[in-house]
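Subject: Structure for your review

Dear colleague,

Please find below the structure that I am handing over to you. My notes on it follow directly after.

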Amino acid sequence: MTKKLNLATKCLHSGYIPGNGEPRVAPLVQSTTYKYDSADILGDLFDLKTEGHIYSRISNPTVSNFESKIADLEGGVAAIATTSGQSANILAVLTLCKSGDHIVALSNLYGGTVSLFTHTLKRFGIDVTFIKVNATDNEIKSAIKDNTKLVFGETIGNPKVEVLDIERIANVAHENGIPLVIDNTFATPILCRPIEFGADIVTHSTTKYIDGHARALGGILVDGGKFNWKNGKFDDLVKPDPSYHGLSFVDTFGEAALSAKARCALVRDIGFIQSPFNAFLTDLGIETLALRLERHSENALKIAKFLEENEKIEWVSYPGLESNPTYNLTKKYLPNGSSGIIAFGIKGGVEEAKKFINSLKLISLVTHVADTKTCVIHPASTTHRQLTEKQLEKGGISSSLIRLSVGIEDVKDLLEDIENALKRI
Ligand SMILES: *Cc1c(COP(=O)(O)O)cnc(C)c1O
């Protein structure tokens with residue numbers, strides 16, 4: 001019903017559709033369980049013969065409404081909301097990989113994802129090869145091995161905000177029989193829908209723009225529904241699954257096989273579904289997602305241009321600047337705005353960067369990005385501090401890099417704060 005609507009309208013109307021006399025807004029169903037009239041009805045639910053909620057570790061009405069809205073916004077067939085962005089990313093990997101498998105990842109990922117892939121996955125026998133953002137088709141191809149199960153990238157890299165050539169990377173992945181997973185946190189479906197460019201799975205830290213108000217931690221995995229799991233590489237989705245009394249996810253769920261396995265096996269067993277309250281809060285945030293991203297993008301472009309012209313600034317990276325090396329990709333993937341994250345370097349080094357941050361009054365120093373209030377961080381000494389010099393260099397993170405997450409305040413106030421802080425260096 002909502003397929004034909006535009007994105008800003010979907011932000012308000014997708015997911016929950018009230019019937020006659022029902023609540024206007026999606027209710028918060030704060031219940032761990034659901035009552036049934038007979039053992040047979042509940043038995044059919046366990047057999048996945050009928051649809052319904054059994055237990056809130058597997059699904060919940062409030063969470064389901066939120067999932068349907070995001071699936072619709074991203075153009076996917078189903079979605080699973082998780083406790084955090086990290087758990088959405090690990091859910092994507094664990095649904096497709098087991099011990100002995102391998103993944104290929106772009107090197108400019110969020111620091112938490114780099115350490116998840118480098119250290120934690122390794123402890124479970126899943127190996128990773130990192131490739132450069134601008135890796136050629138051949139370089140990507142040679143990183144893919146027989147046991148590689150997916151390629152993982154971010155629409156807008158973190159923290160240096162390069163735009164990824166999603167379509168090209170999806171083509172190389174598909175030529176090698178594996179899916180592309182895209183973490184679309186910084187772009188949101190308002191600015192870019194990776195599934196339209198060939199991505200097979202999209203993840204988000206909904207903690208960021210989707211909630212948008214720094215109120216609720218969360219993540220989501222969206223199933224694109226287009227990948228052919230029957231190509232011989234993904235037997236776990238095709239063959240009878242002993243953890244679900246021998247059903248084949250592909251035969252039973254068709255295009256939604258991946259998300260069905262993720263929910264019925266992984267989320268069921270590991271237990272990282274989003275709480276109803278966080279889904280309720282996040283769904284409230286989404287109502288203004290399109291409006292907010294318009295303002296975030298507009299403010300960030302003005303600030304990026306201001307910084308580019310300031311003599312104390314060494315360099316500025318923002319996808320919306322014509323000087324950006326990936327500007328041709330910006331035009332293709334982010335035609336309606338480049339989001340609110342800017343990376344820049346102040347002339348000098350770490351000391352100057354710290355002095356600038358310490359001198360800001362309105363803009364605050366917090367470990368966060370992508371919410372309504374403008375904030376700043378110095379990744380080398382904070383979010384990416386667990387990475388080695390070499391990893392930092394590979395991810396393009398210089399020690400003077402400052403990451404500014406531009407909020408939706410009146411841009412004049414932000415510019416004044418930045419200008420004053422720059423004067424103090
Ligand atoms: C923050 C972030 C994550 C992790 O999300 P959490 O909700 O903090 O677990 C993953 N990817 C990107 C791009 C992020 O910005």
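In what order do the five strands of the open sheet with E8 in it stand? The order is E8-E9-E12-E11-E10, and the pairing in this sheet is mixed. Please bear in mind throughout that the model is predicted.

Strand E8 (313–317) and strand E10 (364–365) stand at the edges of this sheet; each has a single partner strand, so one side of each is left without a neighbour in the sheet. E10 runs parallel to strand E11 (residues 375–377), and two bridges join them. At one of the paired positions, Ser 364 has Cys 375 in E11 as its bridge partner. Helix H15 (residues 350–359) packs on the sheet, where it touches strand E9 (341–346), E10, E11 and strand E12 (401–405). The direction of H15 makes about 125 degrees with that of E9.

A further open sheet has seven strands in the order E1-E7-E6-E5-E4-E2-E3, again with mixed pairing. Its edge strands, strand E1 (78–82) and strand E3 (127–131), each pair on one side only. From one strand to the next, the twist averages 20 degrees. Within this sheet, strand E6 (residues 201–205) and strand E7 (residues 219–223) run antiparallel and are joined by five bridges; Ile 201 stands opposite Asp 223 in E7.

Two helices that pack on the seven-stranded sheet deserve mention. Helix H4 touches E1, strand E2 (102–106), strand E4 (148–154), strand E5 (180–183), E6 and E7, and its direction makes about 155 degrees with that of E6. Helix H5 (residues 111–123) touches E2, E3 and E4, and its direction makes about 150 degrees with that of E3.

The ligand may be of particular interest to you. It is surrounded by 14 residues, of which Gly 85, Asp 183, Ser 205, Thr 207 and Lys 208 are the closest. By class, this shell has nine polar, three charged and two nonpolar residues. Helix H4 (residues 85–96) gives the most to the shell, with three residues.

An oxygen atom of the ligand lies 2.8 Å from a backbone N or O atom of Gly 85. A side-chain N or O atom of Asp 183 is 2.7 Å from a nitrogen atom of the ligand. In the side chain of Lys 208, an N or O atom is 2.7 Å from an oxygen atom of the ligand. The ligand taken alone exposes 380 Å², and the protein buries 92% of that.

With kind regards

How values were computed. Residues are numbered from 1 along each chain as its sequence is written. This is a predicted model: local features need pLDDT of at least 70, side-chain atom pairs count only at pLDDT 80 or more; totals for chains, interfaces and linings use all residues. Side-chain values use heavy atoms; hydrogens and water are left out. A residue is near a molecule or strand if one of its heavy atoms lies within 4 Å of it. A polar contact is a pair of N or O atoms within 3.5 Å; within protein, one must be able to donate a hydrogen and the other to accept it, and residues adjacent in sequence count only if both atoms are side-chain atoms. Accessible areas come from the Shrake-Rupley method with a 1.4 Å probe; for residues, only the protein chains shown count as cover. Helices (H or I, at least four residues) and strands (E, at least two) are DSSP runs, numbered from the N terminus. Ala, Val, Leu, Ile, Met, Phe, Trp, Tyr, Cys and Pro count as nonpolar, Asp, Glu, Lys and Arg as charged, and the others, Gly among them, as polar. Two strands pair if DSSP finds at least two bridges between them. Axes are lines fitted to C-alpha atoms, for helices over the stretch in contact, and angles run from 0 to 180 degrees between N-to-C directions. Contact means heavy atoms within 4.5 Å.
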